[in-house]
Each structure stands twice: as C-alpha cells, then as structure tokens.
Amino acid sequence: MQRIGVFVCHCGTNIAATVDVKAVAEALGHEPGVVISQDYQYMCSESGQELVKNAIKEQKLTGVVICSCSPRMHENTFRKAAASAGLNPYLVEIANIREQCSWIHKDIATATEKAIILGRTAVAKVHLNTPLNSMESPVVKRALVIGGGIAGIQTALDIAEAGFDVDIVEKQPTIGGKMAQIDKTFPTLDCAACILTPKMVEASQNERITIHSFSEVADVKGFVGNFTVKIKKKARFVDETKCTGCGLCTEKCPMKKVPNEFNMGLDNRSAIYIPFAQAVPKVATIDPNYCMMLKTGKCGVCSKVCSAGAIDYKQQDTFIEQQYGAIVVATGFNPINLDKYDEFAYNQCPDVVTSLELERLMNAAGPNGGTLLRPSDKTHPHTIVFVQCVGSRCDDEKGKPYCSKICCMYTAKHAMLIREKYPDTEVYVFYIDVRTPGKNFDEFYRRAVEQYNVHYIKGMVGKVTPKSDGKIDVQASDLLANEQLHINADMVVLAAAIEPDKTARPLATMLTTQMDTNDFFTEAHPKLRPVESATAGIFLSGACQGPKDIPETVAQASAAAAKAIGLLCKNSITCNPCVAHSDELMCNGCSSCEKVCPYGAITYIDKEFRMPDRTTKVRRVASVNPAVCQGCGACTVACPSGAMDLSGFSNSQIMAEVDAICK
Amino acid sequence: MQVKENFEPVIVAFCCNWCSYAGADLSGTNRLNYPTNVKIIRVPCSCRVNPMFILRAFQKGADGVIICGCHPGDCHYTSGNYFTRRRITLLYSMLDFLGIERNRTRLEWVSAAEGAKFAATMQQFTEDVKALGPNRRLEDLRCRKQ
C-alpha cells in the first residue's frame, strides 16, 4: 500500500494570493494513498525541506508530491531532500501550481479548483513511480570553443589555465573576431588591437590550446561529457605548417581587386591574403573565387615566390573528429544588412557608412591609414551626422525589436574621437534615447556632450538624400524643439542593429540547444543560469546569447569557462535515469524502435528463453544501452507490441495523469 | 447540438519538457492569462505522446487535446518532433474517419521563448473547443464520474 505525502507551498503570496492553499491541502488529503497533506509558507526553504524530510521518516512515505513552482525550478531541490531522508529521489513529483496556475489565473475559486486537479494528477502519477538509480558516465577532459572572437579566446584561455585541453574552431582565416576590427574601445578609449592581440598571441602560444582557423563544425553527436564533433578544415591552399607569414605572396599576387572583408570592403586585397598584420595564425589563405590559378590554371606566381614551398593548389577540405566533454558557443554577432533601408541611401551613396565601416576608416591599419576621409572623394568631412537605432527597437519586419545595447556608447566614442582629432568638424547625433547604463558610461557620454560639444538631437532621421554637389541632405525632426531640420552633411554614419551570426542557427540545430525568436541562444535560466544552455554540457559565451559590449562579453566568457571547468573537473557525471527499457517477454524483435532512435541506443541481442514445455528458444529482442539513451521516448510510441517503456514517464503513468485530469 | 451556456471544456495539453513546458512557464512568469480549462502534462519530448494517450483522454471525457513541441529542427532530441508530426497526421485521418471534429485535436510548435504564443494558443484552442461543444462521440459513458 502506497503512503504518499502531499506538501503545498504558499510561495509567500505568489501561490497563496490566488490559490486557497489550505483548501488544496485539505482536498488532496482525501486522495487515495495520501497519508499526510500539509501546507507551508516556503517549501523550498531549509525549514520547508525539513518538514518534508521529517514526514518521509515519520510517516514512512513511499511517494512525495510537492505542489509548488515549476519542476524546472525546484525539482532537484526536493529530490535531494528526499534522498537525504532515505527516499529514492525519483519518487518525488512536482505539481506546478505557480507558473501554470496561480500566476496566470486571477479568480481564486477556479484557480484553486485547477490547483487541486494538478495536485491530484501528480498524486495519480506518483502512485506508479518506481525507484530509479542513476548511472555514471565518464567525462572527456577536453573542451571545444566555437568561435574565436574575444569571447572564444577568453573562454579558451581560462579553460586552458585550469589545465584542460581546449580547441578553438574559427570560420575565418584568423581568430580575433569583431574586436580586431574595432579602432578604440569605450569608455577608456584603449586601442582595441593593443589589448586584443596579446590575448590572441597568448592563445596561439598556449600549449593546451589548439586553434582550428578557417574551420567549421560539421556535425555534433553525443551528450554531456562525451560529445563527438566533426570539424571541417576548409582548404586554404596553403600548408599551415610551412607558411611563415612573410607576406611576399600577397605582394606579388597579380589579382589585387578583391574587396577586403577586414576593412568592410572599403579597400582591396589580393587573392592570396593575410587578413591583417597581427593575424593568428599568421598564415596566408587563397580565395578560390578570385585566384587565377585555381580558376583558370594560369598564374602560379605565389607558388613561385614562396621560399617555404607552402602553396598547395590541390589542397582539399579535410575533416577531423574529436571527443569533447564540454562545448562553449561563442559565435558572436554581425551588423544587420541595411539593403532594406533605402531612406538612409546606404546603397546609393558611398559617404553613408555603418559604424563598423567608420571604425575601419578611422583605424591606422584601415584604408586611409587612420585619416578620416570621405570614401567617395577622399576629402576631409566637415559635417558628420550619426543616426542611432537603425534597425534596433524597431517594430516592423525590417528591423529587430530589441535594443542593440552598444550603439549609444560607440557613437559617443566616435563623436568624441572625431571632435578630438578634427575640432573643425561639426558632429550631430540623432537619437531616440541615449542609454548608458554601465560603469563610467554616463560620464563618458556627458563628456561627449559637454566637453566635446557634440550636438545631440532627440529625433529621428526621416530621409538621407545624396546631392549632386557631393553633399548629403539629412532631413530630420528635432522632437524637443518641435521643428524639422535639414543638415547639409558630408558623411552619415548609421548605427546598424546587431544580430546573431548566421551560422548560429544551424549550429543550434546540431547542438540541440534552444534559440529565441531573434536567433540568440537561450540560456537555461535568464537570471540564475545565464551562461548555460538548457542542453547539458553546452555553454554560452558572448554576444551569441544577446547584445553585449566587450567588458560584459569577457565577463560572460570567463563565467562560461568556469562552468565548463566545473564539468571537466569531474571524472564522471550522473546520467538521467529516465531512460527507455524493453520488456523482453513482449518484444518481438521487429526493429521499429531501433529505426526511430536518434542516438543509436537500441541494439538487438539473441537471447535464450525457456518455453513452457521446458525447451529453450533463441529469440531476437531489443536491448537499450542506458548510457546512450537520452530518454526522448520516440521508441515507446513506435513499439507495436508495447514492450518499450520509458522510466519516469511510463505509459501507465501518463495514462494515470490523463485520467486524473479528465475525472 | 444544444450547447450549455456555461460549458467549460476539459482540455489536456501535452508539453515537451524542453520547449513548450518552458514556454508555458514563461507565460506564467510574464503573468499571461489563459483559461483554467487547460491542464498540462509534462513529457520529455512531443514524440513521447502516444496517439493512444489522446484517444484515452477523449474516452475519459476530455473535450480537447493539444500537443506542443519544439519547432521543427529545434527538437532537443534532434528528430522527435518530426515523428510527432507524422503520427498526429495519421491520427487526424483516423479521427476524420471516425467523424470527430478536427479542431478538438491540435499540434502546435511553441519554443521556450514563446510565452506569449503559448498563452495565445491556449486561449484560442479553448475558444475553438468551446465552440464545438462537449465531446460526446468519443467519450465512454462508462468512464464518467457518477
């Protein structure tokens, strides 16, 4: 006979305000098998757990139902409490009467009625719960970091520091990411390259870090502690081990009309190229779309000048396979494409640039050697207009609904730098709101306004029109003065919204992690588990999780590293015991389950069965490997004979829940 | 069919643990209201939902059953929701054959970030089922509570 204890939590007023908790406890006390039914202020508190533990011991409970918040929140808390009182943790069930009842309903009578039904459903389920024991599975002591920007580099350095091997997979020919393209950083005006490149070098010299540049993740299999990842090393047509990075090939290459991605297409590079002077690894890469040798078979200059003999026109994509215990995603962001923003004339006028393009125009390694000149006629601009929130905080289809977070600060930085270097230049900034929450951020913005006399105007830019004399007419509204403005500008800078990198979506599918509607990775809990994904063993670092500036990215990168290290430190981890199992007497060996299993956890074995007439018969039956099974339950439905069942979510348990709801 | 004024349908919602159950929690956290008629059963994946469970619910007197899972391609178990999609499509054709209104059963993709969609879906589904009236065809009267 079952002895079930029901514990109803008030959660302060979170539950008690809309659900009559005493009535719930009273009603559930009459359910079959329930021997004790109590309510308490905070069941998850020390004393609340003590209440549960004492009841388990005193009443010799065989099952526990907690009516409280979501099991995603406190299931583990109560399972641990039960285990410490000597009850198998899997004999605990949670009825979610907060997120799925008290918080969404207002009427006390109906909410209480629903809470009773939810509690009754959990009681019906717990009647059929069986004790389950977790298995242990080993942890591979190696981590993979996907993305080699500042987030990926910081995470890799921290993990390597703790003594674990780390691989960085970067899709570009060099690590460094967006930060390498930035000129100065706010609010200190540090030179970005000066603080980033030492870290890049540190990563390349660390013997525990392996950098796979110009590579992509092709496939991910396995689960926490034991992922198998296939990495595609794209052909760069240069032998990485031989190339010394001397750069002679890039000088001699006759094909010099290739838009330079590193400088945002503002100047050209050769078909064989090293992205920038401090690239890591400093190895040349041939762009097959432009190389004459690869396209027509006639040229071969680079191979002739290369004294190291590193050029290999026949190189193919190669695949490597590696085991990892933990994976950190650091895929970063990109500015959005501004093709749809015709009103800002971005595609019509070369002097309308994005902020990232302006970074390159102002950078000493940029197309103009650090002198700010108009891209169209290489003259010095005297009036510059900055437009904020281009595509950010936008309700329509064109833009993004969220705030890109970094634009207010980098625009203040740009305005300040321009006024500092070229005091004869007038700078206008059109904004909706100026958002500067951060250490020393507001002081920085105020300096731009007060000390550098940047004209901040609250209002939106309606239209940008290039004129025949090379100037640009900016039509805008000043909301505070309530007037229309026409500014005769030389350059317009658009603070384009940022969006997750396009590779993030297919990667999320491979990693089976969740994304939000904007393709940012979803964290396991928005407040308490901000660097873990809901999928165990996958951690999030940097702007792939949401817009972030550099200090926040670095902080999150180190946090993700700490979480990954915590996992890698363990020799083994407990597996989820809610896995499938097959009733061998009912199994007819049809292979239906094997075909649907996404993990290949089901194999068939020949087993000897004793027949009623004392003969033995060998039959083919399904056998589930509990270490590989992840407990999705696809096989249980596919099984035509009902032999397959899932522990913790068995057919009879779910049927009992259905019955309890419909009663 | 005579529909009673105050007909309150019984609705069973199967939600996968990784997306839709989290989406339901999110709609709770955001205090997005939906009718009390909806009672959620947590399953690891939408592919755990045996069509038998749905029929069982109707037999026991449920007026509507909704299955929620991760968006196609986003399944935590890689391919589970594809199985669900095919199984429910087959179940639809069987329910059509039996003459059971199509709107009583629904399959919906709700991600962990779509709390608003979850609440709106439940609101809409409850209204649809209310409009259909009680499930009389599949309910087994012997199962009815005395």
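B:Val12 stands opposite B:Val65 in S3(B). Strand S1 (residues 11-16) of chain B and S3(B) pair in the parallel sense over 5 bridges; a pair requires that DSSP finds at least two bridges between the strands. Strands (E, at least two residues) and helices (H or I, at least four) are DSSP runs, numbered from the N terminus. This is a predicted model, in which local features need pLDDT of at least 70 and side-chain atom pairs count only at pLDDT 80 or more, while totals for chains, interfaces and linings use all residues. Residues are numbered from 1 along each chain as its sequence is written, and chains are lettered from A and ligands numbered from 1 in the order in which they are written.

**Strand S3 of chain B**
- S3(B) also pairs with strand S4 (residues 105-109) of chain B, in the parallel sense and over 5 bridges.
- In S4(B), B:Glu108 stands opposite B:Cys68.
- Strand S3 (residues 64-69) of chain B is largely enclosed by the rest of the structure, because 6 of its 6 residues are buried (20 or more other C-beta atoms within 10 Å of the residue's own; 12 or fewer is exposed, in between partly exposed; C-beta atoms are placed from the backbone).
- B:Gly64, B:Ile66 and B:Cys68 point one way from S3(B), and B:Val65, B:Ile67 and B:Gly69 point the other way.

**Helix packing in chain B**
- Helix H1 (residues 20-29) and helix H4 (residues 115-132) of chain B pack at about 90°, with axes 7 Å apart; axes are lines fitted to C-alpha atoms, for helices over the stretch in contact, and angles run from 0 to 180 degrees between N-to-C directions.
- H1(B) and H4(B) are therefore roughly perpendicular to each other (65 to 115 degrees; under 35 is roughly parallel, over 145 roughly antiparallel, the rest oblique).
- The contact (C-beta atoms, placed from the backbone, within 7 Å) includes B:Gly23 and B:Leu26 of H1(B) and B:Ala116 and B:Phe118 of H4(B).

**Open sheet in chain A**
- In chain A, 5 strands form an open sheet with parallel pairing, in the order S20-S27-S21-S22-S23.
- Strand S20 (352-354) and strand S23 (455-458) of chain A are the edge strands, each pairing on one side only.
- Strand S21 (residues 383-390) of chain A is joined to strand S27 (residues 491-496) of chain A by 5 bridges, and A:Val385 has A:Val492 in S27(A) as its bridge partner.
- Helix H11 (residues 355-362) of chain A lies across S20 and S27 of chain A, at about 95° to S20(A).

**Domains 2 and 3 of chain A**
- The centres of domain 2 and domain 3 of chain A, taken over C-alpha atoms, are 28 Å apart; domain bounds come from an automatic or database domain assignment.
- In chain A, 15 residues of domain 2 are in contact with 8 residues of domain 3.

Definitions and conventions. Two residues are in contact if their C-beta atoms, placed from the backbone, lie within 7 Å.
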